[in-house]
Structure formats: structure tokens, C-alpha cells
Amino acid sequence: MSDPGAFTALTRGLRVTVRTFYLADKSEPEEGRHIWAYRVRITNEGRETVQLLKRTWHITDAMGRTQHVHGDGVVGEQPVLEPGEAFEYTSGTPLATPSGFMRGQYHMVVSATGEAFDAEIPAFSLDSPYGGVTLN
């Protein structure tokens, strides 16, 4: 996923790339309900096997309200990534405003040593056609 519309962060050889999609067919702007899907690709460009154990998301709407979401794994999985491997998944989020942004961390562990570290999920914009483009 190396396209100019993607957001990317690199932490300890773990590259996290996110691309977002506004879901007009699922959104109800007149009701204050805007839905986005986001596609994440996690690529292990390092030399150690790692496992994603938990995630933390910070989701902020255009009014500055932030929701914190914590949980085990992603989409019901706790993927193990050997060097050179990648894992992709798609998820989504609703907002009451036509724009906002998300950022977060994947809580990882190095398989061989048990060392824990946090991999950055880059901040990415959630912009709908109803709010104009906002620099978040």
C-alpha cells in the first residue's frame, strides 16, 4: 500500500499504513451519522518475529470530542508477523460530525524475548464530502 492517499508510520521496523474510505451508502448525514472504513496493512520490515496483542485508538470528531477504544488484537486476531510478513484488515468507525481523525498504538511483543513495545498507528483524517476538507 504505497500510494499518496495513505498514512504511514514506522516503529522498530514495523510499518503501519492506513487508507480511509467514506461510506456514503451507510452514512446518514442529515441524522449526524457519518461512517468510514479504514484498511490497515502492518508490515514487519524488522529482523524479529513480533505479535500484536492489543490496540488503542483515539478517535476525535470535528467538535474535539475524543473517544478512546482499547481491546485485544484486531478484528478478532492477534497476528504473529515474521520478518517480511504483512497482515491486512479492514474495520470502520462512525462519527457524529462530517470530519475528524484517528490515531493509536498497537501493543506488540517480540516473540523471542517477550519484550513489549508500542507501534504507532499514524494519525489519519476522516473527511466526508459533507464537511469540506479539513486539515486535522
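The structure is a predicted model, in which local features need pLDDT of at least 70, side-chain atom pairs count only at pLDDT 80 or more, and totals for chains, interfaces and linings use all residues. Residues are numbered from 1 along each chain as its sequence is written, and side-chain values use heavy atoms, with hydrogens and water left out.

To start with the sheet, 4 strands form an open sheet in the order β1-β2-β3-β7, and the pairing is antiparallel. Strands here are DSSP runs of E with at least two residues, numbered from the N terminus, and two strands pair if DSSP finds at least two bridges between them. At the edges sit β1 (7-11) and β7 (86-95), each of which pairs on one side only. From one strand to the next, the twist averages 20°; the axes behind that value are lines fitted to C-alpha atoms, and angles run from 0 to 180 degrees between N-to-C directions. Strands β1 and β2 (residues 14-22) run antiparallel and are joined by 5 bridges. As for one of the residues involved, alanine 9 has valine 16 in β2 as its bridge partner.

Next come the charged pairs. Side chains of opposite charge can pair when their charged atoms come close. A salt bridge is counted when a side-chain nitrogen of Lys or Arg is within 4 Å of a carboxyl oxygen of Asp or Glu, and by this rule there are 7 salt bridges. In one of them, glutamate 88 meets arginine 39, with the closest N and O atoms 3.1 Å apart. Glutamate 88 belongs to strand β7 and arginine 39 to strand β3 (residues 34-44), so this pair ties together parts that are 49 residues apart in sequence. How open are these side chains? Relative accessible area sorts residues into buried (under 20%), exposed (over 50%) and partly exposed (in between), using a 1.4 Å probe and protein chains only. Glutamate 88 is partly exposed because its relative accessibility is 31%, and arginine 39 is partly exposed because its value is 28%.

Another salt bridge joins lysine 54 to aspartate 72, where the closest N and O atoms are 2.8 Å apart. This pair links distant parts of the chain, with lysine 54 in strand β4 (residues 50-61) and aspartate 72 in strand β5 (residues 66-72), 18 residues apart. Lysine 54 is partly exposed at 42% relative accessibility, while aspartate 72 is exposed at 53%. Arginine 65 and aspartate 61 also form a salt bridge, and their closest N and O atoms are 2.7 Å apart. In that pair, arginine 65 is partly exposed with a relative accessible area of 48%, whereas aspartate 61, at 9%, is buried.

Some charged residues team up in a network: salt bridges link Arg12, Glu48 and Glu115. Arginine 12 is in the loop between β1 and β2 and is partly exposed, with 43% relative accessibility. Its side chain makes a polar contact with the side chain of glutamate 115 at 2.8 Å. A polar contact is a pair of N or O atoms within 3.5 Å; within protein, one must be able to donate a hydrogen and the other to accept it, and residues adjacent in sequence count only if both atoms are side-chain atoms. Setting aside residues up to four places away in sequence, arginine 12 touches Glu48, Val110, Glu115 and Phe117, where contact means heavy atoms within 4.5 Å. The C-alpha atoms of arginine 12 and glycine 46 are 6.8 Å apart, although 34 residues separate the two along the chain.

Then there is asparagine 44, which is in strand β3 and is buried at 3% relative accessibility. Its side chain has a polar atom 2.8 Å from the backbone oxygen of glutamate 48, and that side chain also reaches the backbone oxygen of glutamate 82 at 3.5 Å.

In soluble globular proteins, nonpolar side chains tend to be buried together. A nonpolar core is a set of buried Ala, Val, Leu, Ile, Met, Phe, Trp, Tyr and Cys residues joined through side-chain atoms within 4.5 Å. The largest one has 26 residues, and Trp57, Tyr89 and Tyr106 have the most contacts inside it. Two or more residues come from each of β2, β3, β4, β7, β8 (99-110) and β9 (116-127), with β9 giving the most, 5 residues. Beyond four places in sequence, tyrosine 89 touches residues including Tyr38, Trp57 and Tyr106.
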